[in-house]
Amino acid sequence: MSTAWTEAESPTVAAAPSAAAPRHDLKIERETHKLEKRLCREVGKAIVDFNMIEEGDKVMVCMSGGKDSYTLLDILLKLKARAPIHFDLVAVNLDQKQPGFPEHVLPEYLASTGVPFHIENEDTYSIVKKLIPEGKTTCSLCSRLRRGILYRVADELDCTKIALGHHRDDILQTLLLNMFFGGKMKSMPPKLVSDDGKHVVIRPLAYVAEKDTARWSAHRDFPIIPCNLCGSQENLQRKQVGEMLREWEKKFPGRVENMFTALQNVVPSHLLDGGLYDFRNARATGEANENGDKAFDKEEFAAPAPLSLLPGVQVVQLT
């Protein structure tokens, strides 16, 4: 595995504190540099682990105007400069003609980066408003229309990969939503082939926590376009699941990370899907199997962190 994707650039050496550079400013600078290194490392690792980008690829980066797509493009531009292979980027925004959409924002920003870009104009807003009754959420139909248009644009621009800005928290939220409401153990894959078999969709932010895209977006002062211009109802189920994950992360540090790691350590023989494991024909073979059943063993899990080690928790001795 080439380390060029994941190696950070040479660290910036902070100057000694001075009147012009107060100590708290230097701390912020160091923390920001650490954040940049982490983002580059995690995106690079995802690209390598799932072979997302290959020699000669032309990657269409879908830009919504939100913090995640801005971060995705920004980090891919940094990685492109030092990647061990050659690939091209083109940023694409779909202007869906929502009332009040600031159509100048993305073209002006993208022009400032020097990256090639394309703005696709399609009035899907009118279609959605015509077909969806007032008061009903429009997100599902809107996303289907948007997906079809972006696939077409990818063909027209000769793009070989389509990059979306979904991050680790989106992936976990989708897993829980499918479990709670869909009855499926299913999430967002980091790389997939579209239903028509013509497009490869990648999610380079798959290892990145949402709090890091938020911090990077604030640092870079991206011109954020809010996703509420169409007046549609918020996806309350996804919002509730997201709040639950954030609450878990605060109360039980490491739980969300363990959940994400679990997605990469699936044991089909210890679930219930007969399509993944042939339970009906399971027979004793007389041969040891390290993944075999340990039905009479007590489950062993890592002990939770002592309360005294959790941030913001003070332990009081009662007498």
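**Briefing: helix contacts, a pocket and selected residues**

Threonine 32 has its place in helix α1, which spans residues 23-49. The model described here is predicted.

**Threonine 32**

- Threonine 32 counts as buried because its relative accessibility is 15%, and buried means under 20%.
- Setting aside neighbours within four places in sequence, threonine 32 is in contact with Trp216 and His219.
- Between threonine 32 and arginine 215 the C-alpha to C-alpha distance is 8.6 Å, although 183 residues separate the two in sequence.

**Serine 194**

- The loop between β5 (191-193) and β6 (200-202) holds serine 194.
- With a relative accessibility of 5%, serine 194 also falls under the 20% limit and therefore counts as buried.
- Apart from neighbours within four places in sequence, the contacts of serine 194 are Tyr151 and His199.

**Helix pair α4 and α5**

- Two packed helices are described by the angle between their axes and by the distance between those axes.
- For helix α4 (residues 124-131) and helix α5 (residues 139-156), the axes come within 10 Å and cross at roughly 145 degrees.
- This crossing of α4 and α5 is right-handed.
- On the α4 side the contact is made by Thr124, Ile127, Val128 and Leu131, which meet Leu141, Cys142, Leu145 and Ile149 of α5.
- By class, the residues of the α4 and α5 contact comprise seven nonpolar, one polar and no charged.

**Helix pair α8 and α9**

- The axes of helix α8 (residues 236-251) and α9 come within 7 Å, with a crossing angle of roughly 120 degrees.
- Leu245, Trp248 and Glu249 of α8 meet Arg255, Val256, Glu257 and Met259 of α9.
- The contact of α8 with α9 has four nonpolar and three charged residues, with no polar residue.

**Second largest pocket**

- Rolling a probe the size of a water molecule over the atoms shows where empty space is left.
- The volume of the second largest pocket is about 850 Å³.
- This pocket is lined by 25 residues, of which Leu175, Met185, Ala262, Leu263 and Val266 are the closest to its centre.
- Two elements, α6 (168-182) and α9 (255-262), each give two or more residues to the lining of the second largest pocket.
- The most is given by α6, with four residues in the lining of the second largest pocket.
- In class terms, the lining of the second largest pocket consists of 19 nonpolar, four polar and two charged residues.

**Aspartates with positive phi**

- Most residues other than glycine have a negative phi.
- Aspartate 158 has a phi near 60 degrees, a positive value in a residue other than glycine.
- Aspartate 158 is located in the loop between α5 and β4 (161-163).
- Because its relative accessibility is 60%, aspartate 158 counts as exposed, a class that requires over 50%.
- Aspartate 221 likewise has a positive phi, near 55 degrees, and is a residue other than glycine.
- The loop between α7 (210-220) and α8 contains aspartate 221.
- The relative accessible area of aspartate 221 is 63%, so this residue is exposed.

Definitions and conventions:
Residues are numbered from 1 along each chain as its sequence is written. This is a predicted model: local features need pLDDT of at least 70, side-chain atom pairs count only at pLDDT 80 or more; totals for chains, interfaces and linings use all residues. Side-chain values use heavy atoms; hydrogens and water are left out. On a 1 Å grid over the protein atoms alone, a cavity is a set of points where a 1.4 Å probe fits but cannot get out, and a pocket is an open set with protein on both sides within 12 Å along at least five of seven lines; lining residues have an atom within 4 Å of a point. Grid points are joined across faces, edges and corners, and a volume is the space filled by probe spheres set on the points. Ala, Val, Leu, Ile, Met, Phe, Trp, Tyr, Cys and Pro count as nonpolar, Asp, Glu, Lys and Arg as charged, and the others, Gly among them, as polar. Buried means under 20% relative accessible area, exposed over 50%, partly exposed in between (1.4 Å probe, protein chains only). Contact means heavy atoms within 4.5 Å. Axes are lines fitted to C-alpha atoms, for helices over the stretch in contact, and angles run from 0 to 180 degrees between N-to-C directions. A crossing is left-handed if the near helix is turned anticlockwise from the far one by less than a right angle, and right-handed if clockwise.
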